Amino acid sequence: MKKILVTGGLGFIGSHTVVELQNEGFEVVIIDDLSNSSVTVLDGIVSITGIKPEFIKLDLKDKPAVINFFNTHQNIAGVIHFAASKAVGESVENPLLYYENNITTLIYVLQALEKHKIPNFIFSSSCTVYGQADELPITENAPIKKAESPYGNTKQIGEEIIQDVCKISENLNAIALRYFNPVGAHPSTKIGELPIGTPQNLVPYITQTAIGLREQLSVFGDDYNTPDGTAIRDYIHVVDLAKAHVAALQRLIANHSGGSTYETFNIGTGTGSSVLEVIQSFEKVSGKKLNYKIVGKREGDITAAYAHTRKVNDILGWKAQLTLEDAMRDAWKWEQKIRS
Ligand code: UFG
């Protein structure tokens, strides 16, 4: 059984990926500093899969602790590196925190991969690297645009660092997965998103408004150049996204002919939905009317982004199976569960 290290494995995307890895027979070791997650997520993982992964509370900025972890955990076949800070606004307020949290930790992990000759690496990147792409849907060949935020910049720099390491490494296969907008929760309602404080993202804001935690959703802008005037994104169910990591890992493991490789894949559904369409979808599956109002645009927001998925469909053999309605239903079930 191959042992996979999942950093940030108790976070939103990390925890769903741990479930899918275990479902596919991988042994998982989780590192998480619990800065934006809870140790209770482990119970959710156990109740879905029946397997308790090894968990080590560790801050990846603590270099001696990282070195010690890899010295004492042999036979790691691959690393999926989720651990990172991800709030766009916070990164504008505190750029150094983001460069330290997201870049330093990546360097320490890559140093460990080199030292221990761990050949497989998956990096959580983002469609934010494309900025407002000139052509939709967005292919992996679309130019990388100047980052809108320090957070986005950490994803661009992260990809560049990995590419540079692959150039000199004898045997490192790396994949950067560029996520579009991850939403939803596990259909079992055992794990889901746990935003701290006021959510910045649309879907948790919708579900928290519907449950009565927030008074009203602000829709940021209705004068975009889109059919209904609201901005368009590609909302991908977190379980589909988690499965993309397993597909990427299987490709990396199968690929070992020697030498190094670096590849990027878009992880989205290929379909764009406007903010108003997301609200309609929520209202349909929940049977609730959402209290919302149109306000001005949010600074830094782009008009539209959705993925071209041919590369990931063809090469990873992965395709999103779940719909926006599935995601909204699962997000709503999860919100009701955690507030009950
Ligand atoms: N939106 C609202 N009201 C809200 C929150 C969001 O109208 O209260 C709108 C936004 O303006 C945007 C859409 O809903 O049009 C989606 O917003 P999110 O904040 O959920 O997602 P973003 O597309 O802005 O950001 C996400 C991730 C980032 C990542 C980015 C890449 O959260 O980490 O995608 O494009 F960088």
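Is the crossing of α7 and α11 left-handed or right-handed? The crossing is right-handed. This is a predicted model.

**Helix packing.** The axes of helix α7 (residues 202–211) and α11 come within 10 Å. They cross at roughly 50 degrees. The helices α7 and α11 are therefore oblique to each other. On the α7 side, the contact involves Val203, Pro204, Ile206, Thr207, Gln208, Ala210 and Ile211. These meet Met328, Ala331, Trp332, Glu335, Gln336 and Arg339 in α11.

**Aromatic pairs.** Trp332 also belongs to a ring pair, with Phe282 as its partner. The structure holds 2 aromatic pairs. Their geometry is listed here.

| Pair | Centre to centre | Angle between planes | Class |
|---|---|---|---|
| Phe69 and Phe70 | 5.2 Å | 85 degrees | edge-to-face |
| Phe282 and Trp332 | 5.3 Å | 85 degrees | edge-to-face |

Planes over 60 degrees apart count as edge-to-face. The planes of Phe282 and Trp332 stand at 85 degrees, so the pair falls in that class.

The Phe282 and Trp332 pair links distant parts of the chain. Phe282 lies in helix α9 (residues 275–286) and Trp332 in helix α11 (residues 324–339). The two residues are 50 residues apart.

**Charges over rings.** The charged end of Lys297 sits over the ring of Tyr224, 4.5 Å from the ring centre. Lys311 lies over the face of Phe265. Here the distance to the ring centre is 5.0 Å.

Note on methods: Residues are numbered from 1 along each chain as its sequence is written. This is a predicted model: local features need pLDDT of at least 70, side-chain atom pairs count only at pLDDT 80 or more; totals for chains, interfaces and linings use all residues. Side-chain values use heavy atoms; hydrogens and water are left out. Rings of Phe, Tyr and Trp (its six-membered ring) pair if their centres lie within 6.5 Å; planes under 30 degrees apart count as stacked, over 60 as edge-to-face and the rest as tilted. Helices (H or I, at least four residues) and strands (E, at least two) are DSSP runs, numbered from the N terminus. A charge sits over a ring if NZ of Lys or CZ of Arg is within 6 Å of the ring centre and within 35 degrees of the ring normal. Axes are lines fitted to C-alpha atoms, for helices over the stretch in contact, and angles run from 0 to 180 degrees between N-to-C directions. Angles under 35 degrees count as roughly parallel, over 145 as roughly antiparallel, 65 to 115 as roughly perpendicular and the rest as oblique. A crossing is left-handed if the near helix is turned anticlockwise from the far one by less than a right angle, and right-handed if clockwise. Contact means heavy atoms within 4.5 Å.
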